[in-house]
Amino acid sequence: MQMAVTRRPLISGNWKMHHDHIEALHTVRDLGLRLKPEDVARVDVSVHPPFTDLRTAQTLVEAEGLPIALGAQHCNDHDRGAYTGEVSPQMLARLGVRYVLVGHSERRQLFAMSDELVAATLRAVIKHEMRPICCVGETEEERGAGRTEERLGAQLEAALAGLAPEVVATMVVAYEPVWAIGTGNAATAVDAEDACLFIRQRVAALVGEEAAAALRVQYGGSVNPANAADYMAEPDVDGLLVGGASLDAATFVEIVRASQPVARRH
Ligand code: PGA
């Protein structure tokens, strides 16, 4: 798709349920030592630790001025209330969280997060001036049945319907094929590009060309230092959502270095 804007890549580390707050302290510190100014001059980096690590990570990032945006993996769609065990977007915003994953396939599959709840959570994150990373992706079965685009389209429609174009322009969508997550069975760069382009085109149809051109679309699923540059060379892949390979600071920094925009084709 022809672009009027240059999108700044976003490389995000989703730690899932790994690293306690002491391990988080070491990992974020290690990241801070390894990331050089040139690594982050043209690329944004976010880390998404478990909730119990966020305060520790925030303190370190702010005290040291580390070039890392704080992210969360999920949140409730209400500001406060009787929601035992949940964490509100307001609480995250107060901690300096900038990006929140919304509708990760593990939330959808293991915790029954519906398309409606994804939409409500997106709006709650936006209300508190954080940026949602809205995760979409097809299962192996859907892919086998040739229903990838239908699934992606339905997830996007449910998530984005009614949002203002200027809001969508600041969002991130992560294309994460479920069969590629944590399996070592990464999508090919061409397949990732096809899906990311489809996502952009669908957003253009739903919200408008301008928002679609500004929106960042990440690929996620078994990303590692050896395959990162291939994805990032594709014109509609604007970043990576990295799970397992983000747990080790040295490996994650290799991915950030492989994701520099000079390698991109457009
Ligand atoms: P993975 O996870 O990199 O370990 O495949 C990606 C994700 O779930 O965000």
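Residues are numbered from 1 along each chain as its sequence is written, and side-chain values use heavy atoms, with hydrogens and water left out. Because the model is predicted, local features need pLDDT of at least 70 and side-chain atom pairs count only at pLDDT 80 or more, while totals for chains, interfaces and linings use all residues.

**Helix packing**

Two packed helices are described by the angle between their axes and the distance between the axes. Helices (H or I, at least four residues) and strands (E, at least two) are DSSP runs, numbered from the N terminus. Axes are lines fitted to C-alpha atoms, for helices over the stretch in contact, and angles run from 0 to 180 degrees between N-to-C directions.

| Helix pair | Axes come within | Crossing angle |
|---|---|---|
| α1 (residues 21-34) and α3 (residues 51-64) | 9 Å | roughly 30° |
| α6 (residues 115-127) and α8 | 8 Å | roughly 45° |
| α8 (residues 148-160) and α10 (residues 189-207) | 10 Å | roughly 40° |

Angles under 35 degrees count as roughly parallel, over 145 as roughly antiparallel, 65 to 115 as roughly perpendicular and the rest as oblique. A crossing is left-handed if the near helix is turned anticlockwise from the far one by less than a right angle, and right-handed if clockwise. Contact means heavy atoms within 4.5 Å. For residue classes, Ala, Val, Leu, Ile, Met, Phe, Trp, Tyr, Cys and Pro count as nonpolar, Asp, Glu, Lys and Arg as charged, and the others, Gly among them, as polar.

Helices α1 and α3 cross at roughly 30°, so they are roughly parallel to each other. Their crossing is right-handed. From α1, the contact uses His21, Ala24, Leu25, Val28 and Arg29; α3 supplies Thr52, Asp53, Thr56, Ala57, Leu60 and Val61. These residues divide into 6 nonpolar, 3 polar and 2 charged.

Helix α8 takes part in two pairings. With α6, the arrangement is oblique, and the crossing is right-handed. Asp115, Val118, Ala119, Leu122 and Arg123 of α6 touch Arg151, Ala154, Gln155, Ala158, Ala159 and Leu160 of α8. That contact has 7 nonpolar, 1 polar and 3 charged residues.

Helices α8 and α10 are also oblique to each other. Here too α8 passes α10 in a right-handed crossing. On the α8 side stand Glu149, Leu152, Gly153, Leu156, Glu157 and Leu160; they meet Ala195, Phe198, Ile199, Arg202, Val203, Leu206 and Val207 of α10. By class, this gives 9 nonpolar, 1 polar and 3 charged residues.

**Ligand surroundings**

There are 13 residues around the ligand (a heavy atom within 4 Å), and Lys16, His104, Glu176, Gly182 and Ser222 come nearest. Polar contacts here are pairs of N or O atoms within 3.5 Å; within protein, one must be able to donate a hydrogen and the other to accept it, and residues adjacent in sequence count only if both atoms are side-chain atoms. Glu176 uses a side-chain N or O atom, 2.8 Å from a ligand oxygen.

**Loop between β1 and α1**

Lys16, listed above among the residues nearest the ligand, sits in the loop between β1 (10-14) and α1. Its phi is positive, about 55°, although Lys16 is not a glycine. His19 is in the loop between β1 and α1. Its phi is also positive, about 75°, and His19 is not a glycine either.
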